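Me: I have a model open and want to learn how to read its packing. Can we go through the features one by one?

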Amino acid sequence: MSMQASNRSYRYPDNSQIPYYNSSMHVGRNSTCYVQQNHVDLHYRSSDGGSQNSNSKVEMFQQRYCTLDSSSANCVYPVHTSTSPQCLSRSHISQHDRHSDHSHDSPASASCITEVPSLKFTTLQELENAMYGSESDIVSSESSLIGTALDQSNWRDLLGVNSGDLKQVIVACGKAVDENHCRKDLLISELEKMVSVSGEPMQRLGAYMLEGLVARRLSTGHTLYKSLKCKEPQPTNSELMSYMRLLYDICPFLKFGYMSANGAIAEAVKGENFIHIIDFQIAQGSQWETMIQAFAMRPDGPPCLKITGIDDSDSAYARGGGLDIVGRRLCSIAQSCRLPFEFNAVHAASHEVTLEHLGIRYGEAIAVNFAYQLHHTPDESVCTENHRDRILRMVKSLSPRVVTLVEQEANTNTAPFFSRYMETLDYYIAMFEAIDVACQRDDKKRMSTEQHCVARDIVNIVACEGAERVERHEPFGKWRSRLAMAGYRPYPLSALVNNTIRDLLSDNYHINYNLEEKDGVLYLGWKNRKLVVSSAWR
């Protein structure tokens with residue numbers, strides 16, 4: 001795909017007309033929108049270029065275990081309260097599936113049961129002591145202990161089923177599925193009875209971890225992930241509350257990312273008159289609303305601002321429409337602030353973006369934003385092209401004033417399944433606890449927000465492999481290595497940005513949130529778990 005370069009450059013004339021881009025610039029699937037100062041007219045150009053077969057076994061399993069909007073039955077996990085949301089149905093697991101081993105028709109699998117009648121342990125700790133000794137210095141693997149416990153006749157006692165140890169059962173389910181153990185279906189059935197989308201944080205997380213395990217067994221993870229795209233209403237004058245907006249309001253994760261990135265960008269382009277921000281996942285564009293307003297209030301007059309918003313067709317479902325919705329909203333805000341503005345829409349996935357999409361012009365101060373996006377871009381473990389590093393090198397070739405990176409601090413990219421499963425459990429229990437202190441457990445909007453904006457990521461991490469697994473988080477150490485190899489150097493976040501975010505947390509959010517600054521990088525955490533990391537580079 002190619003794009004014609006404009007024959008007109010940025011200019012800031014003395015009369016009432018503001019600088020603008022040549023309207024003939026638009027080529028292919030890109031779109032451009034302009035705002036003219038002192039004029040009521042709003043100019044916007046947009047040109048959008050743009051099942052899985054199930055056998056009887058899959059259909060039967062879906063009827064029994066499907067919990068989210070993943071089938072025509074629209075069935076979900078049972079809500080363990082007297083009332084449940086209208087959008088959720090009752091459990092579909094029949095009573096005869098909830099009996100003991102002898103009444104369960106589980107097929108034989110790669111793992112077989114070896115019971116040792118003389119060894120009767122009642123807890124996993126007793127089993128560990130028998131294997132390693134209570135005072136042993138040997139650090140035992142939780143994974144191997146679970147595998148051994150599954151082979152015992154009293155596995156329900158050992159794995160916490162009878163005692164109601166939900167976390168232990170969740171872990172055991174993951175191990176059983178990983179090993180294709182012949183008791184995996186029994187454990188899944190037991191776990192189903194213990195989880196609830198309106199229960200405690202571990203119950204809610206368990207419901208979605210279970211959904212991921214079932215989807216993994218049925219190889220339906222990708223379909224389920226697609227069906228759980230966070231659907232938000234189209235904005236109106238009152239800007240209707242959406243699931244993502246609720247998550248934005250009750251938890252600081254998105255605010256933290258946007259504020260830290262915007263602070264770094266504002267500092268890097270200070271004093272520049274022609275600014276071009278490239279956002280690799282613009283979503284609803286809400287990150288740039290306050291930035292437009294801030295630029296418009298510059299003492300020496302507003303700069304000319306261009307925003308290139310990149311997003312693929314999948315995100316149109318979340319917005320309730322295409323990028324033209326974002327363009328019109330941002331244009332309207334810029335017009336109200338009398339800020340010279342252009343919006344360039346790029347209808348493409350991040351790994352499809354080339355330099356021709358970006359419409360770079362000489363003299364622009366370029367800032368590139370990767371907010372919760374780059375982990376979606378395939379790397380060397382997914383395809384030989386390694387688009388993750390290619391995009392970083394391409395952006396570096398633009399000589400940007402700053403590149404902002406906001407990512408979840410998790411390791412789910414190349415880790416083997418069970419390690420990834422445990423990391424998901426550890427990471428998302430912190431997030432569910434954070435949501436729990438901000439919303440009532442029977443709040444229907446809270447349930448919908450978790451289901452459509454959080455559960456979909458969990459399902460994808462647990463259920464999918466290969467190119468279908470798009471939630472591929474890396475810890476900051478790996479991002480730092482990638483950026484360094486692409487030629488970037490750190491651009492430490494300023495004390496002003498850090499203090500502003502610290503004040504936001506202390507004034508508006510729970511005391512369990514914490515902010516840590518290390519080598520110019522900011523970490524947002526819940527209790528002892530780091531959840532989000534924000535950094536800047538150039």
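Me: Which residues do ring pairs link into a cluster?

Reply: First, the basis. This is a predicted model: local features need pLDDT of at least 70, side-chain atom pairs count only at pLDDT 80 or more, and totals for chains, interfaces and linings use all residues. Residues are numbered from 1 along each chain as its sequence is written, and side-chain values use heavy atoms, with hydrogens and water left out. Now the rule: rings of Phe, Tyr and Trp (its six-membered ring) pair if their centres lie within 6.5 Å. Planes under 30 degrees apart count as stacked, over 60 as edge-to-face and the rest as tilted. Here, the cluster joins Phe 253, Tyr 509, Tyr 513 and Trp 526.

Me: How many aromatic pairs does a search of the whole structure find?

Reply: Eleven. One of them, Tyr 248 with Tyr 258, is tilted, at 6.2 Å centre to centre and 35° between the planes. Tyr 248 sits in helix α9 (residues 243-250) and Tyr 258 in helix α10 (residues 253-268), ten residues apart. Helices here are DSSP runs (H or I, at least four residues), numbered from the N terminus.

Me: Why is the pair of Phe 418 and Tyr 421 stacked?

Reply: The planes of Phe 418 and Tyr 421 are at 15° and the ring centres 6.3 Å apart, so the pair counts as stacked. An α-helix has 3.6 residues a turn, so residues three or four places apart point the same way. Phe 418 and Tyr 421 are three residues apart in helix α16.

Me: Is Tyr 421 buried or exposed?

Reply: Buried means under 20% relative accessible area, exposed over 50%, partly exposed in between (1.4 Å probe, protein chains only). Tyr 421 is at 1%, so it is buried. Phe 418 is buried too, at 11%. In helix α6 (residues 184-192), nine of the nine residues are buried.

Me: How do the axes of α7 and α16 cross?

Reply: Two packed helices are described by the angle between their axes and the distance between the axes. Axes are lines fitted to C-alpha atoms, for helices over the stretch in contact, with angles from 0 to 180 degrees between N-to-C directions. The axes of α7 (residues 201-218) and α16 (residues 417-436) come within 9 Å and cross at roughly 145°. Contact means heavy atoms within 4.5 Å. Among the contact residues are Leu 205 and Tyr 208 of α7, and Tyr 421 and Leu 425 of α16.

Me: Where does Lys 396 lie?

Reply: A charge sits over a ring if NZ of Lys or CZ of Arg is within 6 Å of the ring centre and within 35 degrees of the ring normal. Lys 396 lies over the face of Tyr 488, 5.4 Å from the ring centre.

Methods. Helix = DSSP H or I, 4+ residues; strand = E, 2+ residues; numbered from the N terminus.
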